[in-house]
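I set down what I looked up, entry by entry.

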Amino acid sequence: MTLFRGTFLDTPRNPFSGADLRSGEDLGLVVQDGVITVRDAFATVAAQHPGEEVVDLRGGLVLPGFVDTHVHFPQVRAIGGLGMPLLDWLEKCALPEEARLADDAYAATVAGEFVSGLARAGTTTALVFGSHFAGAVDALFAESARVGLRVTSGLVLSDRILREDLLTTSERAFTEGLELAKRWHGVGRNRYAVTPRFSLSCTAPLLESAGALMREIDGLWFTSHVNENTEEVDAVRQLFGCDYTTSYERAGLLGLHSVLAHNVHPTVPELRLLAQTGTAVAHCPTSNAALGSGSFPMGLHLQHGVRFALGSDVGAGTGFSLFKEGLQAYFVQQLMGRRRGGHRLAARHLLHLATSAGADALGLGDVVGDFSVGKELDALWLRPADGSTLDIALKHAVSPEDALAKAFAMAGPGDVAATWVGGERVPPAA
Ligand SMILES: [Zn+2]
């Protein structure tokens, strides 16, 4: 048993439905076998559990571990390729690096950098776009199992348009995916996601083989991209003769275990289809801005009841921190306003999108996402350096919501002093 002491902020109820931020100042959490069993004033908890180990996290904020719903493992070293739209960026920046993961030793090094990058940013759960190479996907799962993060990932599939060395066939995709899923799905905190790259680079038979794999093993996840860039959206319509979302729906890929990244340019029928099937959207605001893809119509997603949460989309996104993604989402929605399909946000919405909304999108809403009794303790300790501007701002915050706004305005990975998953502190990189 361990007692955690600090100021805990979380969003157990949805701020988009009007709920407030929850704040516990000098709160005590009792954690047993990774699960929060008691939540009360620290003085009360300490009196009831004398002599137990106390993890003292005063002097900063404790937030639920971040949930990144869209991030590319092979693109750690591709971050920062600015000045290109999606399809140019893929060809010149991302795909040459992705091809290097054919080398198992190279892939293992990148897997270490990737998992460490997530943990340093305070991310404890992620839906990860894996690699086109099975050996590299093994390396990712092995590293996430070693470190203990909650990773859902899989083999990335394409059979057209991309460079030759990244292409597969429907049969090979099914066989390799089945082997990987048998090896890793449900092992520790790992889960397997069937991951066609995007409809643009996948023929209908490849998408159908992805759907067949989903039906082969219970509980698998599906992830891909949708409606990111107008040129790409037009090309998909030409290829499939239907809208982008329907190209996945025809292969049986949409449902409560499905997450599609971006959806910057959806039609109304697509929003309805996403809502009807329960498919969630990963909103990746720095990527959308960096590639000039467009502005995410958050208001329309809310209006149609489509679930969404934040994703970093590293390497088109500009880093692992969901503080930065939250701030960028805030900026864009602030500029769009309601008339252009936006939705103005407060700090509590940003925390929700970085934590509980992500947990919900990934089917982990009963396990993590906030600090309620019965949930596992996944947490990040935001503890900026003494005298830093963020430290001064937090000390002078007038309310918990104000402190949270200051955190989203200024915090980065360097301000995250430690992270825990299931009550265990995440170890440093190997
Ligand atoms: Zn992506």
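This is a predicted model: local features need pLDDT of at least 70, side-chain atom pairs count only at pLDDT 80 or more; totals for chains, interfaces and linings use all residues.

**Entry 1**

**Entry 2: H5 and H6**

I looked up how helix H5 (residues 170-184) packs on helix H6 (residues 204-216), and I found an angle of about 25 degrees with the axes 9 Å apart. Angles under 35 degrees count as roughly parallel. H5 and H6 are therefore roughly parallel to each other. The crossing in which H5 passes H6 is right-handed. From H5, the contact takes Ser170, Ala173, Phe174, Gly177 and Leu178, and from H6 it takes Pro205, Leu206, Ser209, Ala212, Leu213 and Glu216. I sorted the residues of this contact by class and recorded seven nonpolar, three polar and one charged.

**Entry 3: H3 and H4**

I turned next to helix H3 (residues 104-120) and helix H4 (residues 134-147), whose axes come within 8 Å and cross at roughly 35 degrees. H3 passes H4 in a right-handed crossing. On the H3 side I listed Asp104, Ala107, Ala108, Ala111, Gly112, Phe114 and Val115, which meet Gly135, Ala136, Ala139, Leu140, Glu143, Ser144 and Val147 in H4. The classes in the contact of H3 with H4 are nine nonpolar, three polar and two charged residues.

**Entry 4: H13 and H16**

What is the angle at which H13 and helix H16 (residues 400-410) pack? I recorded about 65 degrees, and the axes of H13 and H16 are 8 Å apart. The crossing of this pair is left-handed. H13 contributes Ala347, Arg348, Leu350 and Leu351 to the contact, and H16 contributes Glu401, Leu404, Ala405 and Phe408. In the contact of H13 with H16 I found six nonpolar residues, two charged and no polar.

**Entry 5: cavities**

How many cavities of 30 Å³ or more does a search of the whole structure find? The search returned two.

The largest cavity holds about 100 Å³ of space. I listed its lining as His72, Gln75, Leu86, Trp89, Leu90, Arg197, Phe198, His225, Glu228, Leu291, Asp313 and Ala316. Helix H2 (residues 86-100) gives the most to this lining, with three residues. By class, the lining of the largest cavity has six nonpolar, three polar and three charged residues.

The second largest cavity holds about 40 Å³ of space. Around the second largest cavity I found Gly80, Gly81, Leu82, Trp89, Ala290, Leu291, Gly315 and Ala316. This lining has five nonpolar and three polar residues, and no charged residue. I marked Trp89, Leu291 and Ala316 in my notes, as they line both the largest cavity and the second largest cavity.

**Entry 6: the largest pocket**

I then looked up the largest pocket, which has a volume of about 370 Å³. It is lined by 22 residues, of which Asn14, Arg307, His352, Ala357 and Asp360 are the closest to its centre. The elements that give two or more residues to the lining are helix H11 (298-304), helix H13 (347-354) and helix H14 (356-361). Which of the elements supplies the largest share of the lining of the largest pocket? I found that H14 does, with four residues. I divided the lining of the largest pocket into nine nonpolar, eight polar and five charged residues.

**Entry 7: backbone geometry**

I checked the peptide bonds and noted a cis bond that joins Val314 and Gly315, with omega about 5 degrees. Gly315 sits in the loop between strand S14 (308-310) and helix H12 (322-336).

Where does Asn227 lie? I placed Asn227 in the loop between strand S11 (221-226) and helix H7 (230-240).

Note on methods: Residues are numbered from 1 along each chain as its sequence is written. Side-chain values use heavy atoms; hydrogens and water are left out. Axes are lines fitted to C-alpha atoms, for helices over the stretch in contact, and angles run from 0 to 180 degrees between N-to-C directions. Angles under 35 degrees count as roughly parallel, over 145 as roughly antiparallel, 65 to 115 as roughly perpendicular and the rest as oblique. A crossing is left-handed if the near helix is turned anticlockwise from the far one by less than a right angle, and right-handed if clockwise. Contact means heavy atoms within 4.5 Å. Ala, Val, Leu, Ile, Met, Phe, Trp, Tyr, Cys and Pro count as nonpolar, Asp, Glu, Lys and Arg as charged, and the others, Gly among them, as polar. On a 1 Å grid over the protein atoms alone, a cavity is a set of points where a 1.4 Å probe fits but cannot get out, and a pocket is an open set with protein on both sides within 12 Å along at least five of seven lines; lining residues have an atom within 4 Å of a point. Grid points are joined across faces, edges and corners, and a volume is the space filled by probe spheres set on the points.
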